[in-house]
Amino acid sequence: MRISRRSAVRSLSALLIVGSICGLQRGWAQQATSGMGGQTGNSTGEAAPVILDAQHRPITAGGFVKSGPVIFRDISKQSGLANWSHVMGNADKQLIIDADGSGVGLIDYDNDGWLDIYMVNGSTFDAMDGKMTPPHAALFHNNHDGTFTDVAAKAGVTNDRWGYGVAIGDFDNDGWPDIAVTNWSRNRLYHNNHDGTFTDVADKAGITLGNWSAGVTWGDYDGDGRLDLFISGYIHFDRNHLPYSGNAEVGYAQCLFRGEVGMCGPRGLKGESDHLFHNNGDGTFTDVSVKAGVSDPSHYYGFTSIFVDLNDDGKPDLLVANDSVPSYLYINKGNGTFEDESYSSGFAVNKDGREVASMGLAVGDYDNDGRLDILDSDFSDDYKVLYHNDGDAEFTDVSYPAGIALPTRPFLGWGDGFIDYDNDGWKDIFMVNGHVYPDAGEHGWGTSYAERPLLFRNLRNGKFALVPAVEGSGLADVIPGRGAAFGDLFNDGKIDVVINPIDGPAVLLRNVNPDHHHWVEMKLVGGLKSPRDAIGATVYLRANGMRQRQDVMSSGSYISSNDQRLHFGLGDATSAGTAEIHWPSGAKQFVLLPAVDRIYTITEGRGITGALCGGMPCVTLPAHRAQAHARVHP
């Protein structure tokens, strides 16, 4: 059935493209008019119904409840993160470069077992011209006591450029995580010096490029044991030809959203191509984009990109979220090339045949069927798309039956994640939101510039329920959200959220959900034939009567990088179960986990080589210490 479906989709690709164009025209009709034939804007549906709360606030900035379980607490000020602020462009956001925001990277840069935080910053034209001190990125060192200290200047990672995306990966397999940062201008590759400092080696590596890079992801696409680098291009932005509404650069188009003048783009502007860089193993990379079939000759507007195995053949495939044009899904053919399966997979457009204004991507197995599903964030006036993996990397848009479509329409989504916030063994959904038009709340659209995040609880039957936002809690934070990263910042088995708003202080939402469920986490260390940080590994955990899946990925959410330790909620189970690990090398290993509520380090071919208990090294492991068994796939 799956083969016939894919064949049918391929044979009807021309019709899909026609339908896509119709969807594109619907979006343009709402978003732009032109005096000279030019068109610009985002792809969206029809205007979302206006929903106001009891205080007549748009639902995007209201709808709170007085009491109930507090899931997240905003500890930005106490933690020290609020001492740093993001800056990007002019406050009026009349140019698209001013509006998109930056990502977050979670990284244990000093290998002390505690996650640190890298916050990408933007810039301004004045800073780029040397008229003011450039805004700096932050590297927040985790002090193990709930506070963080910005050590970016000392570490040499301030990135005095106009920053966007970040991906964490150990590209030279020395056991220390490195940082790739994409910019408008030249990209950075910060090599970890093992002493708390980094050196930018992007020039030597050959990955600087030079215009607007956005998404970035690490993955060993050719199976040689070294991480390769993919960078998505967004817009070719020319400082000397700025695309303001009504000027020649946009064909004299009036760039409108719901009849109001705003920024132009992305559609109607020139895009940037994508780049795949092969790791040569000597600190340099070779651009193999065209040969590999992932160069994006259409110059689509690429945001978040992720290397991950979607069809379970042991080879990392490639996702690229494109803004307001079809998104890409490339299947790894195992010979150094990829097959473009964007349309035939069902991922290129939503169920209506309309492009998604894709910003963020979350990848995870939300229904515990062993296959990876995809959540795609989207513009306001359109629903956020949940793609169910039906097998063999064929996807169905299940947003409406899953219950996430209607509640998300008024919101403009960015960062997103599948997180098991209550450790019941089922992945929930977290979305970070914020509009791009500063006057969004002044026109009766039922939306706002600053917006609250959304949390959906997994009902374990393919459906989700929106979790009420309690006044004063983290879910009631009304901020212009952009990048977000998810991870266990306090080594307590609960997944926290770091948000990088646009033009504002960093936000840290600590998970304080009152459940007492058990959990287990795993930090994987690859062997000689796998990347050292095991990016690309898949783990199936059998515990609590269920089988869960987690994958090691270097990127996700909105151009961000999450905790690479794999997290499994166990509910009330007191047995941690058995992990079935599929290493990037092709080896398969089974590890019996001796106890719950631990963070295990598992090394390929050796088994458990370390464990944290309450954030500290465990004094002893139980006598029935896990036994490791490895075999190579036939």
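This is a predicted model: local features need pLDDT of at least 70, side-chain atom pairs count only at pLDDT 80 or more; totals for chains, interfaces and linings use all residues.

A search of the whole structure turns up 30 aromatic pairs, and we will visit two of them.

**Stop 1: a stacked pair.** Select Phe 171 and Trp 218. Their rings are stacked, 6.0 Å centre to centre with 5° between the planes. Now colour the strands. Phe 171 sits in the loop between strand 7 (162–169) and strand 8 (178–184), while Trp 218 belongs to strand 11 (residues 213–219), so this pair ties together parts that are 47 residues apart in sequence.

**Stop 2: an edge-to-face pair.** Next, select Phe 430 and Phe 486. Here the arrangement is edge-to-face, with 5.8 Å centre to centre and 65° between the planes. Phe 430 is part of strand 26 (residues 428–433) and Phe 486 part of strand 29 (residues 483–487), so the pair links parts that are 56 residues apart in sequence. Both Phe 430 and Phe 486 are buried.

**Stop 3: a cluster.** Select Phe 125, Trp 162, Tyr 164, Trp 184, Trp 212, Tyr 234, Phe 237, Tyr 301, Phe 303, Trp 414 and Tyr 558, which form one aromatic cluster.

**Stop 4: charges over rings.** The charged end of Arg 239 sits over the Phe 125 ring, 4.1 Å from its centre. Finally, select Arg 547 and Tyr 540: the charged end of Arg 547 sits over the Tyr 540 ring, 3.9 Å from its centre.

How values were computed. Residues are numbered from 1 along each chain as its sequence is written. Side-chain values use heavy atoms; hydrogens and water are left out. Rings of Phe, Tyr and Trp (its six-membered ring) pair if their centres lie within 6.5 Å; planes under 30 degrees apart count as stacked, over 60 as edge-to-face and the rest as tilted. Helices (H or I, at least four residues) and strands (E, at least two) are DSSP runs, numbered from the N terminus. Buried means under 20% relative accessible area, exposed over 50%, partly exposed in between (1.4 Å probe, protein chains only). A charge sits over a ring if NZ of Lys or CZ of Arg is within 6 Å of the ring centre and within 35 degrees of the ring normal.
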